[in-house]
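Take a look at the model below. The paragraphs after it walk through how its chains meet.

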Amino acid sequence: MKKKLSPLSLIYSLLIFVFLYAPIAVLIIYSFNASKSRGTWGGFSLKWYAELFSNKDIMQALITTLSIAVISAVVSVVIGTAAAVGIYYSRRRTKALLTGISNIPMINADIVTGISLLLLFIFLKLDLGYVTLLLSHITFNIPYVILSVMPKLRQLDKNAFEAAIDLGATPLRAFFSVIIPEISPGIVTGAILAFTMSIDDFVISFFTTGGGVSTLSIEIYTMAKRGIKPEINALSAIMFLVVMTLLLIVNIRSSKVEKKKER
Amino acid sequence: MKKFRIAALPFAVYAGIFIVAPIVLIFMYSFQGAGGDFTLENFTRFFNFSDPTYLKVLWRSIYLAAISTVICLLLGYPMAYILSRLPNRVRGILSFLFVLPMWMNFLLRTYAWMTLLERTGIINTFLTNLGLPTWDIMYTQGAVILGNVYNFLPFMILPIYNVLVKIDKSVLEASADLGGDSGVTFRKVILPLSIPGVISGISMTFMPAVTTFVISKLLGGGQNALIGDLIENQFKVTGDWGFGSAMSVVLMILILGAMQIMQRYEDENDGSGGVLL
Amino acid sequence: MKDNLIRLENISMSYGEKQVLKSINLDVRDKEFITFLGPSGCGKTTTLRIIGGFEHQTSGNVYFDGQLINDVPPHKRQLNTVFQKYALFTHLNVYDNIAFGLRISKTPEHEIKERVQKMLSMVNLSGYEKRAVVSLSGGEQQRIAIARALVNHPRVLLLDEPLGALDLKLRKEMQTELKAIQQALGITFIFVTHDQEEALTMSDTVVVMKGGKIQQIGTPIGIYNEPVNAFVADFIGESNIIDGIMNEDYVCTFGGKTFDCTDCGFAKNEPVDVVIRPEDFRMVMPREEIICGIVENIVFKGVHYEMHVKSGDITYLVHSTIPEVVGTFVGLEVEPFDIHIMKKSKPEEN
């Protein structure tokens, strides 16, 4: 059944590929353009990168973005992994209820999640800022961790835990020396996913932050609304590189695991 | 093993506060007037058929999202199909490449089109240099659709691709064996089998397109506001939380309703759209 | 009673409304190979899991070496288990899998090394230390699971259908190997299977179970030759189970003929099940006193031919090394000691 790619398919694929990548490529190329205007090429320059790194607002936002991403990923990995284990061993009704609730932030529109959290923080009289931003990120990250860990739990041999107990391990030791290592690929994927989601988020952050605390996404939005700034191009290039690296790691990991299984 | 159930407790508490309570609050606020009294006014204002300002916005959101979704489907299905027929070795890498842009920051992807489409942007500078007339697409509905298509195309390709690669090759051989030529095999076997992927592709494209406010704001300008812009406006500018909440409730019901319909199809397959990686 | 290692006393088990074990009483002797045999859902695995401590009986007592161990958690019981799908730890290599239990008991590393290697050579997998368990074949994983359990020197090894996932040839090999290991180590094996042939080949004692109850306990030969009821007879090998009547001691009637038999102690003219193994029929020339019928079909089974002989409304299953042409009218001869008379099983038990 396998045929060689027909020329038509090849051209079509190339066109779609260009459509998907040309805008990103243009951004990256123009991040090295010495001239501020987009029509003209003023020669190669790193000055927008220099300006980017000397822009205090952006650097502050970068720190906020990264720290929120790291902390929310760590917290949601802990809560999410525990939740996945708890849900997995729960009775059917509890399982359905908790899974349903954890699906809400993934199904719901970001804008609805964002304003619902905003209303909550106001209701609780919390000042919008770093803490509310962090709580929001944890909220939308936990479901992704559960989503990544759950399949690993299902793949787990249902006797693996009993085998450890049988060999003399206490239940707690069996949990940490067998269950956690066995599901660790899911935990790592969940952590990377949570980290990426957190960096990528704009809409929820937009509604749940305040007091001058801002993330990169929010900075980009504010700048883009005012018009085009070449620093954003430089930022795009960096972020693209980071995201691509992270995803490559995730993909190589999962394909390695799969190959191991196939043998 | 039953002892492990307790591990879900922190999540249950967290979710109660940060997932369930906020949704309850939205409903509460949506039925609240300016003085905190119970009222249906927020909803009657939205569903005002004699002055359909807001309904028009809702309609525009649905209409633009629908067009974007159809274009994504038309562009994405053939792409997913081509990818699924590639030999195993290159398939993984290439499908990864086609899905990668969706992980690029959504604002940057939109911003990229600003730099391309602007009156003094790259495309127009290029056209002017060639002595051609400029292309004034910026701040039109066309630009919003373009932005949607660009942003959500990978979300259409991926689930369809996921379903197509899983189709058992022997099913295709069986069809050929039973006398189906490639056209028949496609129409009678591949297409029906790929419907679950198409369904999740549609939901993954339509849902974010209908609720966006970034794309409309950056590429559509003020005159092409969508329901997302309206909601954002209530919370960020006018401070009319009741009305904003009411519109969120409408949006939520719209999405959950659509999900229900989609789910019915997807249940037959095991939710192939859920895997993003 | 001195060599009794495990004693189950009135063990019952219910999941909600459903009673899966009904008052099980069983003694397991030290160093014996005992097999729980029965169809799926008969309670054999549950019984094993109660001994292992993974399930807790609803009522009854479990004794180990004279001690009541009802409340001893599994990690403190002196027995190890080989699970149905091996339950190997996929994040550890072969060596670390086998060393798992020893590390928990804080055995010195040099001793661990020695014992792991001894185990590997016993299961014929020397040199596999560094291999990932997922890269092993089913049979190899099976051996690792056995080594992982035995390295801890348990007094009892519990095996929950350990050969179920292997193909036929490998199964046979492993049966012999397991039996050899059990004899070499001189420890008790409690084995669960639904395969009667497996049970008969390997065991010293077979416990036949059905519907949460023990049907019969005995040696393989005893159970095969003297099944206590129609269920056991049918489950252990194929059998003809025919409605009959016990006219008086040592005389019974079935298929319209009267036969001598070796059973007694039934009421006069009591309806009974008559059980005859297909290989116990001899095909002879038809004559008045024996069952006669027409050969309906014949299938070659390798060692023997399997034939159905129809006589009246009863069809008899007959195994014979000599084929007979379909349609032939034949007589079926059977010796008195091959006629097994069983009390009619009560309908609720079926």
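How much area do chain A and chain C bury between them, and what share of it is on carbon and sulfur atoms? The area is about 2,000 Å², with 57% of it on carbon and sulfur atoms. On the chain A side, A:Asp166, A:Leu167 and A:Glu182 lose the most area to chain C. Together these three make up 32% of what that side buries. Keep in mind that this model is predicted.

Stay with chains A and C for a moment. Here 20 residues of chain A are in contact with 24 residues of chain C. The count of salt bridges between these two chains is 1. In a salt bridge, the side chain of C:Arg49 meets that of A:Glu162, at 2.5 Å from N to O. Which helices of chain A each supply at least two residues of the side that touches chain C? They are helix 7 (160-166) and helix 8 (171-200). By class, this side of chain A has 9 nonpolar, 4 polar and 7 charged residues.

Now turn to chain B. Of the 2 pairs of chains that touch, A and B have the most contacts. Chain B and chain C are joined by no contact. Their closest C-alpha atoms lie 10 Å apart.

The interface of chains A and B brings 85 residues of chain A into contact with 80 residues of chain B. The area buried between them is about 7,800 Å². Carbon and sulfur atoms give 81% of that area. The count of salt bridges between chain A and chain B is 0. Across this interface, 9 residue pairs are in polar contact, both residues at pLDDT 80 or more. Which helix of chain A gives the most to the side that touches chain B? Helix 1 does, with 13 residues. By class, this side of chain A has 63 nonpolar, 15 polar and 7 charged residues.

Follow helix 1 of chain A across to its partner. Helix 1 (residues 7-30) of chain A and helix 7 (residues 141-166) of chain B have axes that come within 11 Å. These axes cross at roughly 110 degrees. The two helices are therefore roughly perpendicular to each other, as angles of 65 to 115 degrees count that way. From helix 1 of chain A come A:Ile16, A:Phe19, A:Leu20, A:Pro23 and A:Ile24. They meet B:Leu146, B:Val149, B:Tyr150, B:Leu153 and B:Pro154 in helix 7 of chain B. By class, this contact has 10 nonpolar, no polar and no charged residues.

A further helix pair links chains A and B. At what angle do helix 3 of chain A and helix 1 of chain B pack? Helix 3 (residues 56-88) of chain A and helix 1 (residues 9-30) of chain B pack at about 110 degrees. Their axes are 7 Å apart. Helix 3 of chain A and helix 1 of chain B are therefore roughly perpendicular to each other. By class, the residues here are 6 nonpolar, with no polar and no charged ones.

Methods
Residues are numbered from 1 along each chain as its sequence is written. Chains are lettered from A and ligands numbered from 1 in the order in which they are written. This is a predicted model: local features need pLDDT of at least 70, side-chain atom pairs count only at pLDDT 80 or more; totals for chains, interfaces and linings use all residues. Side-chain values use heavy atoms; hydrogens and water are left out. Contact means heavy atoms within 4.5 Å. Axes are lines fitted to C-alpha atoms, for helices over the stretch in contact, and angles run from 0 to 180 degrees between N-to-C directions. Helices (H or I, at least four residues) and strands (E, at least two) are DSSP runs, numbered from the N terminus. Angles under 35 degrees count as roughly parallel, over 145 as roughly antiparallel, 65 to 115 as roughly perpendicular and the rest as oblique. Ala, Val, Leu, Ile, Met, Phe, Trp, Tyr, Cys and Pro count as nonpolar, Asp, Glu, Lys and Arg as charged, and the others, Gly among them, as polar. Buried area is the accessible area (1.4 Å probe) that two parts lose on being put together, summed over both. A salt bridge is a side-chain nitrogen of Lys or Arg within 4 Å of a carboxyl oxygen of Asp or Glu. A polar contact is a pair of N or O atoms within 3.5 Å; within protein, one must be able to donate a hydrogen and the other to accept it, and residues adjacent in sequence count only if both atoms are side-chain atoms.
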